[in-house]
Every structure is written in C-alpha cells, then in structure tokens.
Amino acid sequence: MDAIITLIFFIYGLIFGSFFNVVGLRVPKGSLFSQTRSYCDTCERTLTWKELIPVFSFMIQKGKCRKCKEKISPLYPFMELATGLLAACAYMRFGFTPGLLMGLLVISLVIPITVSDVAYRRIPNKILLFFLPLFLIYHLVFPVMPLWDAFLGVAIAFILLALILFLSKGGMGAGDLKYFTLLGFVFGTKGFLLTFFLAVLFGLVGGLITMKRTQQGAKTAIPFGPYIGLAAITVSFYGDTLITWYLSLLGF
Ligand SMILES: [Zn+2]
C-alpha cells in the first residue's frame, strides 16, 4: 500500500513538475495565463497531448520538437523528474504528517524558481510573494516553531544577505536576497543559517565542477538560485536532524 502511495506521489510530482516548468518560464515574462496551451518556444506551434507527457515525450522525441526539430532544453524533463522524485521522497520521509505539507510547499517554491533562474537568471517576486501567505498559514496552523523565530529568521537573512550584496558588488543578486529572506521566514533562525551554509557549500562544489567543465573559470556567471533551492529542500527534509547533530557536536 505504501509503495502505491509513493508511486502516486511520484506521478503527481511529474505532472506538477511540468506545470512548475511553465510557471518558471512564463511568470518572468508576465504571461502565465495569457496563453493557456503549451507551445514550442521556437516554432510557437501549440503542443498536442502526446508532446505533453512529462519526461516520456522528451525521451520519445529524442529531445527535439516534432515539427521544427529544434532541441528542447533537457532542463524541463530533468525538473519534472526531480519534482516527481522529491514528492515521492517527501512522502517516504514524512508520511501523512505536517512535515509532508512543508516539504511539498518548499518543493513547489524551489522548482519554478530554479527553472526561472536557470532560464533567465531571474528569481521572480511574484513566485516569492505567492508563497509568503502560504507559509504564514502553515506557521499558524502547525506552530512547530514560535512565530517570532520566523520573523527573527527574516531579520537575520535580510541583514546578512544585504551585507553580502553590498560587499560582493554584483556577485549576488537582489533576487537571492529576497529568496533567502523568504526562507528565513520558512525555516526560522537555525534553519535559515543551515540553509545559507549548505547553499554556499553546494555553490562552491557546483562552481568547481562547472569551472572545470567550461574551462572559462569564474568569468561565467553561474546562477546561485539552484544551490539555494537544493539547500532549502535538504533543510526541509533533514533540517532538524542536521541541527540536532551539529548542536550535539558543540556539546549542547
Ligand atoms: Zn518547434
């Protein structure tokens, strides 16, 4: 039975992942609902249902548009698959507890922002503002941590990121600041600090890997959003475990 529910979460994750791609691609252009059907970015032809099956359509069409043969970015099936797997993992991790809802909310926030940041180097305010009241409701309905901790998380995130933004002079964007500030509200003080630490760690590892591959070094600007997202998902899944473990190392 559990395996069936996990599979259902995976399939719904694939479908939502497909929707999150659309959100991430259209919201920065301000046109989420102006065209209801999905279309090919190159030839602008409306896609048929056969071309809209998450992951499978991409594989069957060998990553190309059926008509104009233009390459489709592997980002889209990757994000669909990632959403499916993460949704299934969230169920396996939490079962039907409030943690599952938090996990799914964080996934729903992170995936479209990652798509948008990779595609346009933008973290849309609209997506951040859409999720703010949802996380507020979560905190009010499931008071896992006191609300003041969420607001303290906001203050610390804002001050720390504003300082980095000021000192780095373009190394980090205003979008990253707003993204981190929302995550401060989502995870509270400790959770935010862990998210920040992990994002920097993942960013350094990812930066080293891509630097080797592109051979252009630090000149290529790599969006930081995907690393923030990866960190946020890690914290939503294992934040409590990691914080408890770290505090025990310090002797608390
Ligand atoms: Zn096309």
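R121 lies in the loop between α4 (98-120) and α5 (125-141), where helices (H or I, at least four residues) and strands (E, at least two) are DSSP runs numbered from the N terminus. This is a predicted model, so to speak of local features we need pLDDT of at least 70, while side-chain atom pairs count only at pLDDT 80 or more, and totals for chains, interfaces and linings use all residues. Residues are numbered from 1 along each chain as its sequence is written, and side-chain values use heavy atoms, with hydrogens and water left out.

- R121 has a positive phi of about 60 degrees, although it is not a glycine.
- Most residues other than glycine have a negative phi.
- At 48% relative accessibility, R121 counts as partly exposed; buried means under 20% relative accessible area, exposed over 50%, and partly exposed in between (1.4 Å probe, protein chains only).
- E44 also has a positive phi of about 60 degrees without being a glycine.
- You'll find E44 in the loop between α1 and α2 (56-60), and its 58% relative accessibility makes it exposed.

**How the protein is divided**

- The domain assignment gives domain 1 (1-96) and domain 2 (99-252); bounds like these come from an automatic or database domain assignment.
- The centres of domain 1 and domain 2, taken over C-alpha atoms, are 23 Å apart.
- The contact (heavy atoms within 4.5 Å) takes 22 residues from domain 1 and 22 residues from domain 2.

**What the two domains share**

- Domain 1 and domain 2 bury about 1900 Å² between them, with 81% of it on carbon and sulfur atoms; buried area is the accessible area (1.4 Å probe) that two parts lose on being put together, summed over both.
- F20, P28 and F94 supply 27% of the area that domain 1 buries against domain 2, more than any other three residues.
- How many salt bridges (a side-chain nitrogen of Lys or Arg within 4 Å of a carboxyl oxygen of Asp or Glu) are there between domain 1 and domain 2? The count is zero.

- The elements giving two or more residues to the side of domain 1 that touches domain 2 are α1 (2-26) and α3 (75-94).
- Its largest share, 10 residues, comes from α3.
- By class, that side of domain 1 has 15 nonpolar, five polar and two charged residues; Ala, Val, Leu, Ile, Met, Phe, Trp, Tyr, Cys and Pro count as nonpolar, Asp, Glu, Lys and Arg as charged, and the others, Gly among them, as polar.
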